[in-house]
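Welcome! Have the sequence and the 3D view open, and let us walk through this model together, one feature at a time.

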Amino acid sequence: MQNFTYKLIEDGTYCVMTYQGDDETVVIPDNQNITILYDDLFKGHSEITSVRIPDTVTDMGEFVFDGCVNLRHITLPAQLENLWGHTFTRSGIEEITLPDKLTSIPPFAFKDCHQLKKVVCGPGLKKIHAWAFGGCSRLEEVVHGPDVEVSPQAYESKERDR
């Protein structure tokens, strides 16, 4: 079972507000013009192992995959422009390729992703913010262009309550 609730946004597109389900593989329907995945969408859904996101999605909110400890496979949409912070916190993702339109990795985006080993950044990336990869104890490689501004604290941890 997979149930989503949506909110119509002023520009005529939709935001996925909530998810209820217990499937390992989640498919967000692509029959609507969905541009935003809202905060906490899949938070705590440890049963999820893979997610398919429509290519129309441009923004992913905070804590979308927080606690999805078994999440192993995700293909991010080509149109993705913004992560809002903490997007993948405490998820089980092991490797991820960031799309070309994403220009920055915000603070805490991959905080405590203990399984994360490799991140491949698209050519549009300009900045990796402080604490983006804090607590990623197995991170071996972050591939990005030579002109990307990387914060000196990008790989450090900082506590933040939520």
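Predicted model: local features only at pLDDT ≥ 70, side-chain atom pairs only at ≥ 80, totals over all residues.

Residues are numbered from 1 along each chain as its sequence is written, and side-chain values use heavy atoms, with hydrogens and water left out.

## Aromatic pairs

How many aromatic pairs are there? The count comes to 10. Rings of Phe, Tyr and Trp (its six-membered ring) pair if their centres lie within 6.5 Å; planes under 30 degrees apart are stacked, over 60 edge-to-face, and the rest tilted. Phe42 and Phe65 are one of these pairs: their ring centres are 5.5 Å apart and their planes are at 15°, so the pair is stacked. Phe42 lies in the loop between strand 4 (34–37) and strand 5 (50–52), and Phe65 in the loop between strand 6 (59–60) and strand 7 (73–75), so the pair ties together parts that are 23 residues apart in sequence. Strands (E, at least two residues) and helices (H or I, at least four) are DSSP runs, numbered from the N terminus.

Phe133 and Tyr155 form a stacked pair too, with 5.5 Å from centre to centre and 15° between the planes. Phe133 is in the loop between strand 12 (127–128) and strand 13 (141–143), and Tyr155 is in the segment after strand 14 (149–150), so this pair ties together parts 22 residues apart in sequence. Phe133 is buried at 1% relative accessibility, whereas Tyr155 is partly exposed at 43%.

## His86 in its loop

His86 is found in the loop between strand 8 (82–83) and strand 9 (95–97). Is this residue buried or exposed? His86 has 2% relative accessibility, so the answer is buried.

## Strands side by side

Strands of a sheet pair through backbone hydrogen bonds, either parallel or antiparallel. In this report, two strands pair if DSSP finds at least two bridges between them. An open sheet of 3 strands has the order 9-11-13, with parallel pairing. Strand 9 and strand 13 stand at the edges with a single partner strand each, so one side of each has no neighbour in the sheet.

Strand 11 (residues 118–120) is joined to strand 13 by 3 bridges, and Val119 stands opposite Val142 in strand 13. Elsewhere, strand 2 (residues 14–21) pairs with strand 4 in the parallel sense over 3 bridges, and Cys15 stands opposite Ile36 in strand 4. Strand 4 also runs parallel to strand 6, joined by 2 bridges; the bridge partner of Leu37 in strand 6 is Met60.

## Around Ser50

Ser50 belongs to strand 5 and, at 14% relative accessibility, counts as buried. Leaving aside neighbours within four places in sequence, the residues in contact with Ser50 (heavy atoms within 4.5 Å) include Thr25, Leu71 and His73.

Methods
Buried < 20%, exposed > 50% of the residue type's maximum accessible area, 1.4 Å probe, protein only.
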